[in-house]
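Hi,

Here's the structure I promised to pass on. Have a look at it first, then read my notes below.

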Amino acid sequence: MTDMKESLDEKMMARALALAKLGMGFVSPNPMVGCVIVKKGKMIAEGYHQRYGAPHAEVDALNKIRNQKSEIRNQTMYVNMEPCCHNNKKTPPCVPAIIASGIKRVVIGMKDPNPLVAGKGVRALRKAGIEVITDVLVRQCKELNEAFTKWITTGKPFVVLKVAVTLDGALTLKKGTASHLTCPESDARVHELRQYYDAIAVGVNTVVVDDPWLTVRRGLLPKGERFVESPIRNPVRVIFDTHLRIPETARLFREKGRTIIFVGEKNKKQLTNNKIQVVALPLDRRGHVSLSAAFEWLGQHGIASVLVEGGAEVARAVIEDKLADKLFFIFTPHVSADYKTPCVITPHLARQLLTAGWESVSSDLWVKLVK
C-alpha cells in the first residue's frame, strides 16, 4: 500500500512540475509552481502560476474546484514548492486558503528557499492538522527553480553562458566576420532558452558585427504544445559596452521591450534614444565594464536570470571569473579557417568538457557544465 501511495505521489508531482513549466518565462522573479488536487486517486483540478501578479498555483486550482462545485474536503493537494504564508503587494498568501478549503493532505516537492517562508508554510499547515509530505521529486523541483533559488537567497541572478563554437573551439570562421554555425534545431533550442530567461546579454562587438535582434521569434521556436498559442515574451536586452560604441542604427533599438547598456563609470556620452537605459559601472582588471557589478545590479533590479550569448571577450570574462552557474557549449561541424579567430576553450575547460553531459541535436553537440 505504501509503495502504491509513493507511486501516486510521484506521478502527481510530475504533473505539478509539468504545469509549473507552463509559466516559465512569465512569472519571474516568482518561482514556477504547479498544483494538482486529487480525490480517490484521480485529478479533480489543476492550476499553475501563469504570470507575475496572477493568482498562485494553489489558489488557481482551488478556484477551479469551486467553479466545478466538486467536493474538496479531505482531499490531497500536490504542489512542487512549499505554499507561501507571507503577505506581499501582489497576491495573498496560499496557506490560509488551503486551510480554509478543507484539504487534509498536502504533498510538497521542495521547501521554499525564500527566507520569508522557508519551512513556515509547512509548519502552519501541520499546526492546522493537515498531513504534510515533503521532498517528493525534490531534485527535479530544485532544478526547475534553480534561478529563483539563487536570486532569492543571494540577490544575484542565475547566469547561463551559451556559446556556439567550431570543432577547434573558435566562435567564428574568420575574425571580424559574422558566422552562423548552428543547425536549425539548435537555433530553435536557443530561442526557447531566450524565452525562459529574464535577460539576454551580449558584448558590443557582437552588436557591431552581427547586428542581432536579440528577440524570441515564434517561427524559430520548437514545434510543440508549449509554444503553439502561448504569448511570446522577449527578454530584457543587456549590452556590455564600456565606451558606448553601439551604433544608434542597431536593429535591437527598433524592437519593443527594455534595453539596458552597461558602460564604464567615466563614460560621458549619451544616447539620443531615451528609451534605452544606460548604467555606468566600475571597470574590471581588463579595463572593461565589470560583468560582476552588472550582474549584481540586474539582481537588485528584479532580474533573476541572465542568458549570456557572447561574444568572445564577454564569454572569456565569464569563464575566467567563474560568473556562470551553467554553461552550454554547442560544438558544430565546422573548422575555423583563420587561426586569429577568438577561442574560448582553454586547456582546463577542455578537460572539464571531456567528462560533462552532452546531447546530440541534429548535426550539433550540446555540452553542459554546471557550477
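Before anything else, one definition: a residue counts as buried when its relative accessible area is under 20%, as exposed when that area is over 50%, and as partly exposed in between. Also keep in mind that this is a predicted model.

Let's start with the salt bridges. Side chains of opposite charge can pair when their charged atoms come close. A search of the whole structure turns up 16 salt bridges. Here are three of them.

Arg-105 pairs with Asp-9, and their closest N and O atoms are 2.8 Å apart. Arg-105 sits in strand β4 and Asp-9 in helix α1, so this pair ties together parts that are 96 residues apart in sequence. Are these two buried or exposed? Arg-105 has a relative accessible area of 9%, so it is buried, and Asp-9, at 6%, is buried too.

Glu-143 and Arg-139 make a salt bridge as well, with 3.8 Å between the closest N and O atoms. Both lie in helix α5, 4 residues apart, which is about one turn of the helix. Glu-143 is partly exposed at 40%, while Arg-139 is exposed at 56%.

Then there's Arg-286 with Asp-321, at 2.9 Å from N to O. Arg-286 is in the loop between β10 and α10 and Asp-321 in the loop between α11 and β12, so the pair links parts 35 residues apart in sequence. Arg-286 is partly exposed at 27%, and so is Asp-321 at 28%. These two belong to a network of salt bridges that also takes in Asp-284, Arg-285 and Glu-320.

Rolling a probe the size of a water molecule over the atoms shows where empty space is left.

The largest pocket has a volume of about 1,400 Å³. It is lined by 49 residues, and the closest to its centre are Thr-206, Asp-210, Glu-309, Gly-310 and Gly-311. The lining divides into 21 nonpolar, 15 polar and 13 charged residues.

Of its 38 lining residues, Met-24, Glu-146, Tyr-196, Tyr-197 and Lys-326 are the closest to the centre. Which element gives the most to this lining? That's α7, with 4 residues. By type, this lining has 20 nonpolar, 8 polar and 10 charged residues.

Happy browsing!

Notes:
Residues numbered from 1 in each chain as written. Predicted model: local features only at pLDDT ≥ 70, side-chain atom pairs only at ≥ 80, totals over all residues. Heavy atoms only, no water. 1 Å grid on protein atoms, 1.4 Å probe; cavity = no way out; pocket = protein on both sides within 12 Å on 5 of 7 lines; lining within 4 Å. Points joined across faces, edges and corners; volume = space filled by probe spheres on them. Nonpolar A, V, L, I, M, F, W, Y, C, P; charged D, E, K, R; others polar. Helix = DSSP H or I, 4+ residues; strand = E, 2+ residues; numbered from the N terminus. Salt bridge = Lys/Arg side-chain N within 4 Å of Asp/Glu carboxyl O. Buried < 20%, exposed > 50% of the residue type's maximum accessible area, 1.4 Å probe, protein only.
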